[in-house]
Protein chains: 2
Amino acid sequence: MKIDNMLNQQGIWLRGIGPESEIVISSRIRLARNFAGYPFVHKSSEQDKQNILKTFRKMVEKKFDPETVYYLELQSLSPTDCQYLLERQLISKELMDGKGARAVLIDRNENFSVMVNEEDHLRMQTMTSGFDLSTIWDRINKLDDVIESEIQYAYDERYGYLTACPSNVGTGIRVSVMLHLPGLVETREMDRVFRSLSKINLAVRGIYGEGSPSMGEFFQISNQVTLGRTEKELISQIQEVIPQIIDYEQKARHVLLEKDQKNLLDRCYRATGILNSARTITLDESMELLSRVRLGINMGLITDISITKVNDLLLHLQPAHLQKLAQKELEEEEEDAFRAEYLRKKLKESD
Amino acid sequence: MKIDNMLNQQGIWLRGIGPESEIVISSRIRLARNFAGYPFVHKSSEQDKQNILKTFRKMVEKKFDPETVYYLELQSLSPTDCQYLLERQLISKELMDGKGARAVLIDRNENFSVMVNEEDHLRMQTMTSGFDLSTIWDRINKLDDVIESEIQYAYDERYGYLTACPSNVGTGIRVSVMLHLPGLVETREMDRVFRSLSKINLAVRGIYGEGSPSMGEFFQISNQVTLGRTEKELISQIQEVIPQIIDYEQKARHVLLEKDQKNLLDRCYRATGILNSARTITLDESMELLSRVRLGINMGLITDISITKVNDLLLHLQPAHLQKLAQKELEEEEEDAFRAEYLRKKLKESD
């Protein structure tokens, strides 16, 4: 499968570089758009969906260099391939689990992807490592313009862009930032942060998006409503809130260091000890331990493992990535054993 | 302190050699004897105790080569020194915590020790690595004869040797065998073994003797009563019972291997991972993990650590040994940190 080429590269969102990358893993903006003249996806006939796909594909052929993108129809992908794209956050669970004609356009450098026939006819997203909303905002605007030059969007003078779910009507934008907040979890302040964020209509989700539990102290923060607010306003809100959370997290880490550095160091090292020695390990446990190791690296307590390696593992320890690496289907037990084996191998390699 | 010389050697009972040494750590026989013409220790005046000490010391000077033994009076020892001898099982907690004139004669190779003014005027013990009662029975008989050649014991034609506690009257013998029984603990069969042993008047105690909790799956099995039975009978009973327990333990280990070898291997390796990486560790946790590692070695799952090293650690990770190694008093927190440091150092060294 051609997408397997991505296996040896990191998702852009996991490169571990960019502004504030100690705490901010990645930034992501998505826009929801719909074709004019077609019912929304959940009301579309299969023929409608086929037509939308056809129109989209023509646009791709005209506007994108085939050397720089992958155009993939979901029905031609194996379940493992779908899971693999989900783990790289290039498609959503909804697109994966959907029915009928669906597709995704993926930038080979993973700077953007466009899902076709997800909840809306088009869901485009751009992403980058670290905290950098302006870069991805510019990028998604250009992407939107390119698509709009060939496809007529459903747009209402009064409401703005029309979307299947009212919460997206208007700008159809969702801005989300993935953060690593072990300090706030450890000092039990995360609940307080949750509450303040929900008061200003920001949602906190787990690493794998909507409905997923937060794993290993990684959280996604994003806007909830778009109607009645401009893109600029929504971006500014996130732009202002994130530095405050970063500040809280840094203070919490400082408290941990002050209170009990030895204990913290002990737990960071024990995490590496277990990761280096386990013969079977679940995804959840490995995420928790890697979260601990990542904290240790950022606090200067662990110096022999790089953030890049930790981020790389966060990606590759997921089930479909492991199956691609193993080049075979893995039963749950085999998966846990292979994960442990891969961990030991990778942690032994020098960066 | 001259006894510090023992620091670099292992207690005889921890050499990890001898018959059945996979499961039997050590064998030990002690005899309780009292001087004729003196009240028992708990009724003795300080003058009586002094006289007993004096008589004993004279016997030592006459009968033992000073190059081969240490004669130590408890009142001249620091609390750390006492604790250190306790950890090596050369003295008992009762002797350490007692009052007034008390002493201990220690063979420099730790083949025997004789406590003076513990519960009885004399408590002599011989010990060896592995399961070998006949060797230590011969040894303690000779030791007993040497002492009796100079000291008149309290003896009654009808009851035999008189002792402070009725449970020791007669032969005054206690035979005890220290076993490593992780298989029986893991398969939850230890309770059943406890019950069967207590029915035949055998006691199960923790590694540090009477009243101590069993730590890290190490247990001491010994006879409870001596009255009305000959030494030979008591020794035969233990001689017959231990192989049965060894057999149960081996079966339990076999069950563990059959049932879930991968899981077992995982836990053994994780134990080494934690021992190799912790920055602070309690005695209890380190004993538990070393117990796991010892099982792994015996089952051929761990090949890069020797039983000798594990046994060495079982001894040296104890508080007073650590203080001797650190050459200073250690607060609890410092002790846990130093223990972790010592562990990491020792596990890195090749055997």
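This is a predicted model: local features need pLDDT of at least 70, side-chain atom pairs count only at pLDDT 80 or more; totals for chains, interfaces and linings use all residues.
**Entry 1**

I looked up B:Tyr161 and found it buried, at 14% relative accessibility; buried is under 20% relative accessible area, exposed over 50% and partly exposed in between, with a 1.4 Å probe and protein chains only. Side-chain values use heavy atoms, without hydrogens and water, residues are numbered from 1 along each chain as its sequence is written, and chains are lettered from A and ligands numbered from 1 in the order in which they are written.

Rings of Phe, Tyr and Trp (its six-membered ring) pair if their centres lie within 6.5 Å; planes under 30 degrees apart are stacked, over 60 edge-to-face, and the rest tilted. B:Tyr155 and B:Tyr161 make an edge-to-face pair, with 4.8 Å between centres and 70° between planes. B:Tyr155 is partly exposed, at 48% relative accessible area.

The rings of B:Phe194 and B:Phe219 are also edge-to-face, because their planes stand at 75°, with the centres 5.9 Å apart. B:Phe194 belongs to helix α6 (residues 190-199) of chain B and B:Phe219 to strand β10 (residues 218-223) of chain B, so the pair ties together parts 25 residues apart in sequence. Helices (H or I, at least four residues) and strands (E, at least two) are DSSP runs numbered from the N terminus. I noted B:Phe219 as buried at 4% and B:Phe194 as partly exposed at 29%.

**Entry 2: Charges over rings**

I counted a charge as over a ring if NZ of Lys or CZ of Arg is within 6 Å of the ring centre and within 35 degrees of the ring normal. B:Arg33 lies over the face of B:Tyr161, 3.6 Å from the ring centre. The charged end of A:Lys324 sits over the ring of A:Tyr84, at 5.0 Å from its centre.

**Entry 3: B:Asp144**

I located B:Asp144 in helix α4 (residues 133-148) of chain B, where B:Asp144 is buried at 5% relative accessible area. Its side chain makes a polar contact of 2.9 Å with that of B:Tyr153. A polar contact is a pair of N or O atoms within 3.5 Å; within protein, one must be able to donate a hydrogen and the other to accept it, and residues adjacent in sequence count only if both atoms are side-chain atoms. Leaving aside neighbours within four places in sequence, B:Asp144 is in contact (heavy atoms within 4.5 Å) with residues including B:Arg33 and B:Tyr161.

**Entry 4: Helix α10 of chain A**

I found six of the eight residues of helix α10 (residues 319-326) of chain A buried, A:Lys324 and A:Leu322 among them. The cover over these buried residues includes α2 (79-87), α9 (307-316) and α11 (332-348) of chain A. Just after α10(A), A:Gln327 takes a positive phi of about 55°.

**Entry 5: Relation of the chains**

I noted that a rotation of 180° with 0.0 Å of shift along its axis superposes chain A on chain B, at RMSD 0.0 Å. That is the relation of a two-fold axis. Copies are superposed by least squares on the C-alpha atoms of residues with pLDDT of at least 70 in both. Of the residues of chain A, A:Gly273 comes closest to the rotation axis, at 2.2 Å (C-alpha).
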